[in-house]
Amino acid sequence: MRRRIKSCCSRLCRLPAGKGAAALALALALLPGCGGGKDDGLRIGVALYTQDDTFISTVAQNLEGIVREAEGETGRQITLFIADGRSSQATQMDQVDRFLSRGCDVLCVNLVDRTAAAVIADKAEAEGVPLIFFNRQPVEEDIRRWDRIYYVGASAQESGALQGELVLDAWQADRETLDRSGDGVLQYVMLEGEPGHQDSLLRTEYSVKALTDAGVEVEKLGNETANWNRAQAAARTAQWLEEFGDGIEVIFSNNDDMALGAIDALAETERSRWPLIVGVDATAPAREAVAAGQLYGTVHNDSRGQAQAMMDLALALWNGEDPAQAVDLEEGHYVWLPYRAVTLANLEEFQEG
Ligand code: GAL
């Protein structure tokens, strides 16, 4: 990726999780010189769907770090205003309105509800404020509503395929161990993220497709949504363990937090043999679980790369430069970060984020 950080010097304004609209209002009231010129520095409003999500809070932490780094490289002030939507689209809409009315120069929005993108896009366009959606992908029609709307993310299909290939490799390398029933069929359960989320739908589909495309016969014993959440995944897995016992050969999980929930449930049962478990994200606790041999593998979701791309885009837009010179922009609107498969074999390459 091409990087051109041109300006900097930063301040951070983090809105504490759970304090809600009052905290947001207070922080925004402190916004200096609303509607001021470039001398006031770059002000970026960041709306998160919830801060209680491990991967999303990692993206936010990376953004903060990148702003601090930029501080040392350029002479301009950058202020981040981070708002927690607490899984409420109404709350997030209010936060976006405040970011706009108080003069933020660029918005970064991690939608609560992907179908709310059009309304936010129209608000940003009316105020002439560039808009970067991230992680929760709006439909293409909404991205194309205005030429200063962007999406920063990673291909959900790619993450599913890489996860499936991890299992395929294990099947091909040591089929006898994985196929504990010895029936030549891979029995699995699937822990799914939020219904309707592009990552839930496509990871679910493409993980299994990687196996079936390679000629592996599979049997789905169960699939349940656990909303990206560790505790919900532990509860679902406990039910499956009661129902299927050692019949489960693989646990696919649409993300690492849910894979860790599955591990929690297995640890409770004190089984000697565990199914093979795979996740997505390569969060810090998941990397520890890989190191401990509990999580067979995961797929690195590049939180730092996504944060860097947002910052590079924001700076280019603010400086009136061509964003395609700052990031690898596809079709004028999209920045795609690559996924990478992670196992014990290459774990040391993933020590950050
Ligand atoms: C996914 C990630 C999940 C969760 C979700 C939120 O990309 O793998 O862990 O953070 O985004 O939208």
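I began with the terms. On a 1 Å grid over the protein atoms alone, a pocket is an open set of points with protein on both sides within 12 Å along at least five of seven lines, while a cavity is a set of points where a 1.4 Å probe fits but cannot get out. Lining residues have an atom within 4 Å of a point. Grid points are joined across faces, edges and corners, and the volume is the space filled by probe spheres set on the points.

This is a predicted model: local features need pLDDT of at least 70, side-chain atom pairs count only at pLDDT 80 or more, and totals for chains, interfaces and linings use all residues. Residues are numbered from 1 along each chain as its sequence is written, and side-chain values use heavy atoms, with hydrogens and water left out.

I looked up the largest pocket and found about 350 Å³ of space in it. It has 19 lining residues, and T177, W274, P275, L276 and Y296 are the closest to its centre.

The second largest pocket holds about 160 Å³. Its lining includes Y49, D52, D53, W228 and R230. Why does the second largest pocket lie between domain 1 and domain 2? Both domain 1 (12-153 + 302-337) and domain 2 (156-300) give residues to its lining, so it lies between them. The domain bounds come from an automatic or database domain assignment.

**Cavities**

I counted three cavities of 30 Å³ or more. The largest cavity has a volume of about 90 Å³. It is lined by 13 residues, with D53, F55, N135, D199 and W228 nearest its centre. Domain 1 and domain 2 each supply at least three residues to this lining.

**Cores**

A nonpolar core is a set of buried Ala, Val, Leu, Ile, Met, Phe, Trp, Tyr and Cys residues joined through side-chain atoms within 4.5 Å. Buried means under 20% relative accessible area, with exposed over 50% and partly exposed in between (1.4 Å probe, protein chains only).

The largest nonpolar core has 60 residues, and I44, V46 and V152 have the most contacts inside it. Domain 1 and domain 2 both give residues to this core, so it lies between them. Apart from it lies another core of 24 residues, including W146 and Y334.

I then followed I44. Leaving aside neighbours within four places in sequence, I44 is in contact (heavy atoms within 4.5 Å) with residues including I78, F81, V106 and M311.
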